[in-house]
Amino acid sequence: MGSPLSAWPWASLGAYKYLLYGPLVWTAAQAWREQGGPPTGSWCFHLLLLLALRSLTFQLWFSYGNMLFFTRRRRVVRDGVDFQQIDAEWDWDNLVIMQTLLGAMATSSALLPSVSDLRVWDPRGWAAALLIHVAFSEPAFRCAHKALHQGPLFSEYHSKHHSSPVTQPLTAAYGTPLESLVLTLAMGAPIAGAFLAGAGSVSLVYGHIFVFDYLRCMGYSNVEVISHKTFQAFPFLRYLIYTPTYLSLHHQEKNCNFCLFMPLFDALGGTVHPKSWELQKEVDQGKNDRVPDFVFLAHVVDVVSSMHVPFAFRACSSLPWATHLVLLPLWPFALSMMVLQVLCSKTFTVSFYYLRGRFHQTWTIPRYSFQYFIPPMKKGINHQIELAILRADRMGVKVLSLAALNKNEALNGGGTLFVNKHPNLRVRVVHGNTLTAGVILNEIPSNVKEVFLTGATSKLGRAIALYLCRKKIRVLMLTLSSERFLKIQREAPAEFQQYLVQVTKYHAAKTCKTWLVGKWLSPREQRWAPPGTHFHQFVVPPVIEFRRDCTYGKLAAMRLPKDVQGLGSCEYTMERGVVHACHAGGVVHCLEGWEHHEVGAIDVDRIDVVWKAALKHGLSPP
């Protein structure tokens, strides 16, 4: 059994912990029904409203801190938040639950007046709350915080909070019940004091709680928001308000900067880190920024999945993408963002991670999949991709890998358009399809003698067909174009051309149990596959798994090496730590230090070379 107040009593409930709000919701709903409108005279209603506003405050600060296109140059700690930290902080809102329940207990007592008896605004209450905060909350919190860093108190309670290597706004609420009670006392004392003095007001309750949460989230945001010039112009402000750098130093060193919001009390206690303001200036000036070594240039898939970005909802982006009903009400907002991006947005940074000292970023072209098939938009999309490549080249990026439709053959020839237009590029442009082909080919069992290939004349289809025929595997190539088929067949060595066979109907594969799907299949077309067929896929989106008597492969992907650092988001539908094969192909290109561009047609002779290089560097099939 653990120490008292070291674990949450509702930890075993999982998501059912939110049922603890049930009595509050029921009481507020009853009052709403009886009054025929918002029950503004009910404390239960105000507690639920505060709950929503507080949750929104944490969420907005989280989103801002992770909008790398705004904040990457002012990040305090350059490391990323990994899955381990995300899972540890999953129940960060336990603090809010506890404080809401304590608030319900306080408001149900006779000591607190009813809402209808309170003023909306009373400046005396604000003055009293400020005085109590400075005179009691700040020094009391610092003393309690410093005590939590001593011996068994740290190991039993506070070490859990410090186990998060990178602070985030959600980290501000993450901790044990004992720590949460200390925070609740620091936040609640000024409000209680004002009410006891007869100067309480509705605005004080909302305002004080909002300011408290706002400052906590700011300090934990890991992004400098106050200019160093402000502190130079008004030096005394350094003692009145802390900064994310100030708190981050405490989180790393653990023996300094213990204050709640005001470094004045650390200065009086002699626990200010000597480099607090020097480092704050460096971070604010962008000196902590770094040029990426590798960039994966992606695009948005669709409106709903656009909410899977890391700066939206961490509980969503840290898991493989799936449509959640809770996200559907936000669809109009996501749609408006799509319109805004088309009108005025440019390529932006979405996520990052580190691999063996190399800095990898994902950039996103602000275009959606369906827009790539609208002819008038193709020129603008290519312009966006070109600008991203040129920006990477100026920055000193070593390798840029094109994702999905950004390397569409009909759009830019698999990247050849940009390489031919800019022959002096230092950044290596890579489509990554060589490794994609390698992943698909190595999924095929060694005893297979015949395969059915759709999308047979595409870039990947061609490479797969030419590779398999060299292995003396019969390839049924589905295509209506004899000209394209013959062109590919002539590329094969004369002794292997017989293994490439053109077919024009799906029924030609009615006895073949290995289907390589490079073109979307309808349920009707899937009916031609015999029972026991396995569908290997390199088509986006994946086909509907219609046949219960068949098996379906996933999109070509690779698991990143185990020593990847700071990876905390899933790549679309991929599992944690797994990326699309074209992404992995760019990673291998970067790790190997290859100097050539990988654009246009796939070099069949390099498929095994790239595959072996991937395995050598620790990448593996998922």
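Analyst: Contact means heavy atoms within 4.5 Å. This is a predicted model, in which local features need pLDDT of at least 70 and side-chain atom pairs count only at pLDDT 80 or more, while totals for chains, interfaces and linings use all residues. Residues are numbered from 1 along each chain as its sequence is written, and side-chain values use heavy atoms, with hydrogens and water left out.

User: Which residues is Met338 in contact with, leaving aside its neighbours within four places in sequence?

Analyst: They are Val303, Tyr368, Phe370 and Gln371. For Tyr368, which is 30 residues from Met338 along the chain, the C-alpha atoms of the two are separated by 8.0 Å.

User: Where is Met338 placed, and is Met338 buried or exposed?

Analyst: Helices (H or I, at least four residues) and strands (E, at least two) are DSSP runs, numbered from the N terminus. Met338 belongs to helix α15 (residues 331-344). Buried means under 20% relative accessible area, exposed over 50%, and partly exposed in between (1.4 Å probe, protein chains only). Met338 counts as buried because its relative accessibility is 11%.

User: How many residues of helix α19 are buried, and what covers them?

Analyst: In α19 (residues 433-443), nine of the eleven residues are buried, so the helix is largely enclosed by the rest of the structure. Leu435, Val439 and Ile440 are among the buried ones. The cover includes α20 (459-470), β12 (557-559), α23 (581-592) and α24 (607-616).

User: How should I read a nonpolar core, and which residues of the largest one touch the most other members?

Analyst: In soluble globular proteins, nonpolar side chains tend to be buried together. A nonpolar core is a set of buried Ala, Val, Leu, Ile, Met, Phe, Trp, Tyr and Cys residues joined through side-chain atoms within 4.5 Å. The largest here has 59 residues, and Leu435, Leu453, Leu468, Met477 and Leu500 touch the most other members. Helix α20 gives the most to this core, with eight residues. Apart from it lies another core, of 52 residues, including Val115 and Phe265.

User: What is phi of Lys254 and of Lys472, and where do these residues lie?

Analyst: Phi of Lys254 is near 70 degrees, a positive value in a residue other than glycine; Lys254 sits in the loop between α11 (244-253) and α12 (264-269). With a relative accessible area of 32%, Lys254 is partly exposed. Lys472, also not a glycine, has a positive phi near 60 degrees and lies in the loop between α20 and β7 (474-478). Lys472 counts as exposed, at 52% relative accessibility.
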